[in-house]
Amino acid sequence: MTDHEKDLHEDARQDEEVSEETAVATAEDAALDEMEDDYAWAEAPKFEIEHKEDCVCEVQVTIPASNIKAMLDEVYEEVNDGVQVPGFRRGKAPRKLLEKRLGKYARSTVAERLAEHASKRLVKEHNLVPIAKADVERGQAMYSSCAICHGEQGEGGHLMNAPKLKGLPASQVASLLKVYRKGTEMGQYSYAMIPQATHLSDADINNLAAYIADIDKLRDDVSEGAGDDGDQPAM
Ligand code: HEC
């Protein structure tokens, strides 16, 4: 049985406002990251596994809402430490204000992190490896959390002096993200960027890089559904 013969569709059914598209796990999420799920779940996720053809299962993942609340608190704490809101000292901005400005970012980050933890747990508990095609659509979905600072089209300068990303080749975006992921300071504002990269898997980085590299072309195509085939442009 080769990897290509295996397929697994992971459907994340969420109890709360977390969007579904950002909660799909990829093979690399599980395979390349550490396999252990050391995440302290408030309440364990439930997996309903339905065996289909040989080597193919469909898994429904239910993530109890209590986890979403705990993870949201964690994300807001991080954001508060990393973002300077005008009029407040760093770390002192009220949660309500952060929710208003960064709610979308916080929710998508929570969805991604919980999906990743859940996929590790799935691998460990059931010996299943989730496989999904890496694609720019996923890159686009993830990019919504980057747009807050880097701009909808990667034009830069929205928050925290975030640099322009448009025009960077995919290979460069990917290697820069890997440097931030390691926690390496590059510029004056790295403290804002490092937490954004810490939780990205290699697959996430490739998807994001593929999307960013063609951001002006893909932005419209993908939202119109033209990127349906899931192919990743060559880097
Ligand atoms: C909180 C605001 C913020 C968010 C959200 C954010 N970034 Fe950044 N990003 C920055 C800042 C600020 C820098 C410059 C950091 C420095 O000075 O080293 C940066 C730098 C980068 C760079 C390096 C660009 C260069 O030319 O050096 C890349 C690539 C990048 N970000 C990609 C992303 C991606 C992809 C996401 C979403 C997963 C993201 N960023 C989310 C603020 C942010």
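This briefing describes the fold, the ligand surroundings and selected residues of one protein model. The model is predicted, so local features require a pLDDT of at least 70 and side-chain atom pairs count only at pLDDT 80 or more, while totals for chains, interfaces and linings use all residues. Residues are numbered from 1 along each chain as its sequence is written. The protein chain holds nine helices and three strands, where helices (H or I, at least four residues) and strands (E, at least two) are DSSP runs numbered from the N terminus.

**Overall fold**

- Read from the N terminus, the elements of the protein chain follow the order β-α-β-β-α-α-α-α-α-α-α-α.
- Of the 235 residues of the protein chain, 38% count as buried; a residue is buried if 20 or more other C-beta atoms lie within 10 Å of its own, exposed if 12 or fewer, and partly exposed in between, with C-beta atoms placed from the backbone.
- Among contacts between residues at least 6 apart in sequence, 72% join residues at least 24 apart; two residues are in contact if their C-beta atoms, placed from the backbone, lie within 7 Å.

**Helix 4 and helix 8**

- Two packed helices are described by the angle between their axes and the distance between the axes.
- Helix 4 (residues 136-143) and helix 8 (residues 202-213) pack at an angle of about 90°, and their axes are 7 Å apart; axes are lines fitted to C-alpha atoms, for helices over the stretch in contact, and angles run from 0 to 180 degrees between N-to-C directions.
- The two helices are therefore roughly perpendicular to each other, since angles under 35 degrees count as roughly parallel, over 145 as roughly antiparallel, 65 to 115 as roughly perpendicular and the rest as oblique.
- On the side of helix 4, the contact includes Val 136, Arg 138 and Gly 139, and on the side of helix 8 it includes Asp 204, Asn 207 and Leu 208.
- The residues of this contact comprise seven nonpolar, three polar and two charged; Ala, Val, Leu, Ile, Met, Phe, Trp, Tyr, Cys and Pro count as nonpolar, Asp, Glu, Lys and Arg as charged, and the others, Gly among them, as polar.
- Eleven of the twelve residues of helix 8 are buried, so this helix is largely enclosed by the rest of the structure.
- Among the buried residues of helix 8 are Ala 203, Ile 205 and Tyr 211.

**Surroundings of the ligand**

- Of the 24 residues around the ligand, Cys 146, Cys 149, Gly 187, Tyr 189 and Met 193 come nearest; a residue is near a molecule or strand if its C-beta atom, placed from the backbone, lies within 6 Å of it.
- Helix 5 (147-150), helix 6 (170-181) and helix 7 (190-197) are the elements that give two or more residues to this shell.
- Helix 7 supplies the largest share of the shell, four residues.
- By class, the shell has 17 nonpolar, seven polar and no charged residues.

**Individual residues**

- Most residues other than glycine have a negative phi.
- Met 160 has a positive phi near 60°, and Asn 161 has a positive phi of about 55° although it is not a glycine.
- Met 160 lies in the loop between helix 5 and helix 6, and Asn 161 lies in the loop between helix 5 and helix 6 as well.
- Met 160 counts as partly exposed because it has 16 C-beta neighbours inside 10 Å, whereas Asn 161 is exposed, with 12 other C-beta atoms within 10 Å.
- Gln 60 belongs to strand 3 (residues 56-63) and is partly exposed, with 14 other C-beta atoms within 10 Å.
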